[in-house]
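Hi,

Here is the structure I promised to pass on. Have a look at it first, and my notes on the helices follow below.

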Amino acid sequence: MNSRAEQLKALDRLLTIMDELREQCPWDQKQTMQSLRHLTIEETYELGDAILDNDLNEVKMELGDVLLHIMFYSKIGSETNDFDIADVANAICDKLVHRHPHIYGDVKVIDAEDVKRNWEQIKLKEGKKSVLEGVPRSLPALVKASRIQDKVAGVGFDWEEPKQVFEKVQEELGELQVEVDAGNKEKIEAEFGDVLFSMINYARFLGINPENALERTNKKFIKRFQYLEATAKEKGKELRDMSLEEMDVYWNEAKSKD
């Protein structure tokens, strides 16, 4: 792997290229923090895909794209004299030191859960009015639910064991069925949300990331369905003209290839 000197040289090279692009490239000159925002979100999702696929070369490439965006925002910040990349790096360094008193202070911890609890308590002491202030409003609902549950658990608001959470899942499913039978759409939606929220909580107790779990299932479904489409096409058939029984044959073939 690269030495620290080589790593710093590479970062210096990227900073220089960023300066040159901002000065000379018409597209780069036009960009603002607002115009870059949606692109940053897209790059982050692409990184997430690469991680799920365990494609380490692609992870490396996507990390580069994300790093470029960090450099870009910092360059824009420096042009208005608000902050530069050194301020960004120092700010996160200061935060990490402050929030790790078990490393940089005299606080004792037993395990990772102790660290998480300390982290949330320190954030409250820093002026946060709620442990939930750190959950971005624009997060997708599934990810947001997971972060909410993780945050409140960090201050002790949590179940004691997985069995209790599973019982809650079953309770919520029962309440959903009651509303389904009653046919009230608004209440069905509310109870369905409760079921999802409790399932996400159960995933946390099982040590599973619900977003990753669902995305793996999405990818698996896509792969199987595309096999079904391709096989049907090879046999000169259209899916819309096939019965479910016929499609199940190809579906089960696809499952056997997982």
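A word on terms before the findings: an axis here is a line fitted to C-alpha atoms, for helices over the stretch in contact, and angles run from 0 to 180 degrees between N-to-C directions. Please keep in mind that this is a predicted model.

Let me start with helix H8 (residues 141-153) and helix H10 (residues 185-205), which pack with their axes 9 Å apart, at an angle of about 60°. That angle makes H8 oblique to H10, and the crossing of the two is right-handed. On the H8 side the contact involves Leu142, Ala145, Ser146, Ile148, Gln149, Asp150 and Ala153, while H10 supplies Phe197, Ile200, Asn201 and Arg204. By class, the residues of this H8 and H10 contact are 6 nonpolar, 3 polar and 2 charged.

The other pair is helix H1 (residues 4-24) and helix H4 (residues 56-79), whose axes cross at roughly 60° and come within 10 Å. H1 is therefore oblique to H4, and H1 passes H4 in a right-handed crossing. From H1, Leu11, Leu14, Leu15, Met18, Asp19 and Arg22 meet Leu67, Leu68, Met71, Phe72, Lys75, Ile76 and Glu79 of H4. The contact of H1 with H4 has 9 nonpolar and 4 charged residues, and no polar ones.

Finally, helix H5 (residues 85-98). At 1.5 Å a residue, its 14 residues should span 20 Å, which agrees with the 20 Å between its end C-alpha atoms. Asp84 caps the N-terminal end of H5, with a side-chain oxygen 3.0 Å from the backbone nitrogen of Ala86.

Best wishes

Terms used. Residues are numbered from 1 along each chain as its sequence is written. This is a predicted model: local features need pLDDT of at least 70, side-chain atom pairs count only at pLDDT 80 or more; totals for chains, interfaces and linings use all residues. Side-chain values use heavy atoms; hydrogens and water are left out. Helices (H or I, at least four residues) and strands (E, at least two) are DSSP runs, numbered from the N terminus. Angles under 35 degrees count as roughly parallel, over 145 as roughly antiparallel, 65 to 115 as roughly perpendicular and the rest as oblique. A crossing is left-handed if the near helix is turned anticlockwise from the far one by less than a right angle, and right-handed if clockwise. Contact means heavy atoms within 4.5 Å. Ala, Val, Leu, Ile, Met, Phe, Trp, Tyr, Cys and Pro count as nonpolar, Asp, Glu, Lys and Arg as charged, and the others, Gly among them, as polar. The expected span of a helix is 1.5 Å times one less than its number of residues. A polar contact is a pair of N or O atoms within 3.5 Å; within protein, one must be able to donate a hydrogen and the other to accept it, and residues adjacent in sequence count only if both atoms are side-chain atoms.
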